[in-house]
Amino acid sequence: MEHQHGQPAQGAGNAHTDPVCGMTVIEGKEAARSEHNGETYYFCGRGCKVAFDKTPEKFLKEGPSMRM
Ligand SMILES: [Zn+2]
């Protein structure tokens with residue numbers, strides 16, 4: 001069993017959290033992805049990827065910072 005965080009998987013793939021905005025992104029349906037330190041990150045949109053690529057450490061340390 002995989003551990004869960006209360007976000008239901010949609011059956012299309014693994015659920016990942018967009019490190020920029022905190023949205024749940026389903027693998028295979030992501031708008032963009034990036035690799036950093038050997039990890040793959042998934043994004044809801046290109047804007048999030050661009051922000052992450054500029055300062056990945058910021059988002060990994062501080063967590064999602066764009067709150068709606
Ligand atoms: Zn996002």
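**Figure 1. Buried residues of helix H1.** In H1, the buried positions are Cys48, Lys49 and Phe52. A residue is taken as buried if 20 or more other C-beta atoms lie within 10 Å of its own, as exposed if 12 or fewer do, and as partly exposed in between, with C-beta atoms placed from the backbone. Helices (H or I, at least four residues) and strands (E, at least two) are DSSP runs, numbered from the N terminus. Viewed down the helix axis, the buried residues of H1 fall within an arc of 100 degrees, so they line one face of the helix. The arc is that of the directions from the helix axis to the C-beta atoms. Arg46 and Lys54 are exposed on the other side of H1. The buried residues of H1 pack against S3, S4 and H2. Contact between two residues requires that their C-beta atoms, placed from the backbone, lie within 7 Å. This is a predicted model, in which local features need pLDDT of at least 70 and side-chain atom pairs count only at pLDDT 80 or more, while totals for chains, interfaces and linings use all residues. Residue numbers start from 1 along each chain as its sequence is written.

**Figure 2. Overview of the elements.** The protein has 2 helices and 4 strands. Their order from the N terminus is β-β-β-β-α-α. Of the 68 residues in the protein, 19% are buried. Among contacts with a separation of 6 or more, 28% join residues 24 or more positions apart.

**Figure 3. The largest nonpolar core.** This core has 9 residues: Val20, Cys21, Val25, Tyr41, Tyr42, Phe43, Cys48, Phe52 and Phe59. At least two core residues come from each of strand S4 (39-43) and helix H1 (46-54). S4 contributes the most, with 3 residues. A nonpolar core is defined as a set of buried Ala, Val, Leu, Ile, Met, Phe, Trp, Tyr and Cys residues joined through C-beta atoms within 7 Å.

Figure 4. Strands S3 and S4 pair in the antiparallel sense over 5 bridges. Two strands are said to pair if DSSP finds at least two bridges between them. Ala32 has Phe43 of S4 as its bridge partner, and Ser34 stands opposite Tyr41 in S4. The two strands form a hairpin with 2 residues between them. Asn37 lies in the loop between S3 and S4. Its phi is positive, about 50 degrees, although Asn37 is not a glycine. Most residues other than glycine have a negative phi. Asn37 counts as exposed because it has 8 C-beta neighbours inside 10 Å.

**Figure 5. Surroundings of Tyr41.** Tyr41 is found in strand S4. This residue is buried because 24 other C-beta atoms lie within 10 Å. Leaving out residues up to four places away in sequence, Tyr41 touches Pro19, Arg33, Ser34, His36 and Phe52. Tyr41 and Phe52 are 11 residues apart along the chain, and their C-alpha atoms are separated by 9.3 Å. Both Tyr41 and Phe52 belong to the largest nonpolar core.

**Figure 6. Val20 in the loop between S1 and S2.** Val20 is located in the loop between strand S1 (15-17) and S2. With 24 other C-beta atoms within 10 Å, Val20 is buried. The C-alpha atoms of Val20 and Val50 are 9.8 Å apart in space, and the two residues are 30 residues apart in sequence. Glu62 and Val20 are 42 residues apart along the chain, with a C-alpha separation of 9.6 Å.

Figure 7. Glu62 is found in helix H2 (residues 56-62). Glu62 counts as exposed because it has 10 C-beta neighbours inside 10 Å. Lys29 lies in the loop between strand S2 (24-26) and strand S3 (32-36). Lys29 also counts as exposed, with 11 C-beta neighbours inside 10 Å. Between the C-alpha atoms of Lys29 and Ala15 the distance is 9.9 Å, and these residues are 14 residues apart along the chain.
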